[in-house]
Amino acid sequence: MEALALEKKAERDAELRERLIQLKKERNAIILAHYYQRDEIQEVADFRGDSFLLAQKAAQTDADTIVFCGVHFMGESAKILAPNKTVIIPDERAGCPMADMVNVDGLRKLKAQHPNAKVVTYINSSADVKAETDICCTSANAVKVIQSVDSDEIIWVPDKNLGHYVQQHTDKKMIIWEGYCNTHDMLTVKDVFEMKAKYPNAQFVVHPECRPEVVALGDFVGSTTAIIKYCRESDVQEFIVGTEDGTGYQLRKDSPDKQFHFASKYLVCPNMKVNNLKKLVNCLETMKPQIYVPPAVADRARVSLERMLEVSSS
């Protein structure tokens with residue numbers, strides 16, 4: 001029975017992939033997929049990447065339609081950087097709890113309390129918050145962005161764990177918002193020690209969105225893209241991975257002879273995984289749900305994103 005079900009699914013997926021190719025031509029569409037998406041989505045994407053790379057692709061593409069397979073704030077970033085494009089996502093319920101932990105009113109109050117501070121916002125945030133921001137950053141370029149800011153005082157939102165990591169690499173005073181990524185924050189020191197005991201020859205690679213005491217155990221600390229690059233180029237053959245499990249697709253693709261063990265079975269973002277191949281095809285069929293950002297918000301948010309892109313290309 002199970003073999004039959006798998007065969008049927010393979011047939012359905014093959015049909016969906018064929019329909020997807022057809023729809024992409026009809027809509028002049030490009031598919032962007034975050035590294036945390038399901039394998040079936042990463043397989044059909046034109047570009048796989050982290051938030052920063054995908055933001056760049058959105059800004060540069062000649063396509064009329066951008067299908068963003070990620071979470072809602074990523075679709076917003078694409079729309080902000082490519083206002084004349086149609087941006088759609090497979091499922092509008094794909095939100096980000098960390099992005100929801102910061103609100104405009106709270107940020108404005110903090111700005112009023114620290115009038116000399118500049119606001120650096122992690123890209124994992126809403127368009128409304130980006131509009132209140134001096135410059136955005138990603139986990140890959142956060143340190144470089146903060147060093148580029150003309151102020152010794154930084155308001156950092158929304159991820160306290162990444163903020164703590166960045167704080168160790170700058171002399172600037174950082175006022176850190178109390179948000180966090182539910183998925184990365186779940187990883188504990190106990191989890192890591194258990195995995196290290198089980199796989200003593202493995203190196204531990206970890207994302208700075210994890211708790212500081214977990215990050216301190218890392219043999220390598222970096223963004224999703226940096227982790228993928230490090231594992232690909234390293235002579236080490238075995239890794240314990242401290243980031244979302246969708247990253248496994250690219251890790252295994254780059255290094256099929258290496259072994260990857262995720263540090264916890266809970267390193268799964270339910271919001272990223274809400275998208276699937278059927279929903280991807282359906283959103284191109286219907287051209288819904290579309291991402292809309294009010295022009296006044298988009299114009300202000302665009303400044304903070306473009307500043308980030310300028311710093312990263314310098």
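Select strands β5 and β6: they pair in the parallel sense over 3 bridges. Strands here are DSSP runs of E with at least two residues, helices are runs of H or I with at least four, and both are numbered from the N terminus. Two strands count as paired if DSSP finds at least two bridges between them. The model is predicted, so local features need pLDDT of at least 70 and side-chain atom pairs count only at pLDDT 80 or more, while totals for chains, interfaces and linings use all residues. Residues are numbered from 1 along each chain as its sequence is written, and side-chain values use heavy atoms, with hydrogens and water left out.

Buried means under 20% relative accessible area, exposed means over 50%, and partly exposed is in between, with a 1.4 Å probe and protein chains only.

Now pick Val120. Its bridge partner in β6 is Ile135, and its bridge partner in β7 is Trp156. Show everything in contact with Val120, that is, with heavy atoms within 4.5 Å. Leaving out residues up to four places away in sequence, Val120 touches Ile135, Cys137, Val145, Ile146, Val149, Ile154, Ile155, Trp156 and Val157.

**The nonpolar cores**

A nonpolar core is a set of buried Ala, Val, Leu, Ile, Met, Phe, Trp, Tyr and Cys residues joined through side-chain atoms within 4.5 Å. The largest one has 77 residues, and those touching the most other members are Ile66, Val120, Trp156, Leu187, Phe204 and Met308. Helix α16 gives the most to this core, with 7 residues. A second, separate core has 17 residues, among them Leu23, Ala29, Val44 and Ala45. In soluble globular proteins, nonpolar side chains tend to be buried together.

**Helix α16**

Select residues 295-313. Helix α16 has 19 residues and reaches 26 Å from its first C-alpha to its last, close to the 27 Å expected at 1.5 Å a residue; the expected span is 1.5 Å times one less than the number of residues. Colour its buried residues: Val297, Ala298, Ala301, Arg302, Ser304, Leu305, Met308, Leu309 and Val311. An α-helix has 3.6 residues a turn, so residues three or four places apart point the same way. What do the buried residues of α16 pack against? Show α3 (51-60), α4 (72-81), α7 (127-130), β6 (135-137) and α8 (142-148), which are the elements they pack against.

**Aromatic rings**

Two rings of Phe, Tyr or Trp (its six-membered ring) pair if their centres lie within 6.5 Å; planes under 30 degrees apart count as stacked, over 60 as edge-to-face and the rest as tilted. The whole structure has 3 such aromatic pairs. Select Tyr230 and Phe239: the pair is edge-to-face because the ring centres are 6.4 Å apart and the planes are at 75°. Tyr230 is partly exposed, at 24% relative accessibility, whereas Phe239 is buried at 0%.

Phe239 and Phe260 are stacked, 5.7 Å centre to centre with 10° between the planes. Phe239 lies in strand β11 (residues 238-242) and Phe260 in strand β12 (residues 259-262), so this pair ties together parts that are 21 residues apart in sequence. Both Phe239 and Phe260 are buried. To see the whole cluster linked by ring pairs, show Phe220, Tyr230, Phe239 and Phe260.

**Cysteines**

How many disulfides does the structure hold? There are 0, a disulfide being a pair of cysteine sulfur atoms within 2.5 Å. Cys69 is in none; its nearest cysteine sulfur, that of Cys283, is 6.6 Å away. Cys69 is buried, with a relative accessible area of 0%. Cys96 is also in no disulfide, and its nearest cysteine sulfur belongs to Cys181, 6.8 Å away. Cys96 counts as buried at 14% relative accessibility.

**Two loop positions**

Go to Cys210, in the loop between β9 (203-206) and α12 (212-215). Is Cys210 buried or exposed? At 0% relative accessibility, Cys210 is buried. Neighbours within four places in sequence aside, Cys210 is in contact with Asn161, His184, Leu187, Val215 and Gly242.

Finish at Met186, in the loop between α10 (182-185) and α11 (189-198). Met186 is partly exposed, at 43% relative accessibility. Not counting residues up to four places away in sequence, Met186 touches Asp191 and Tyr266.
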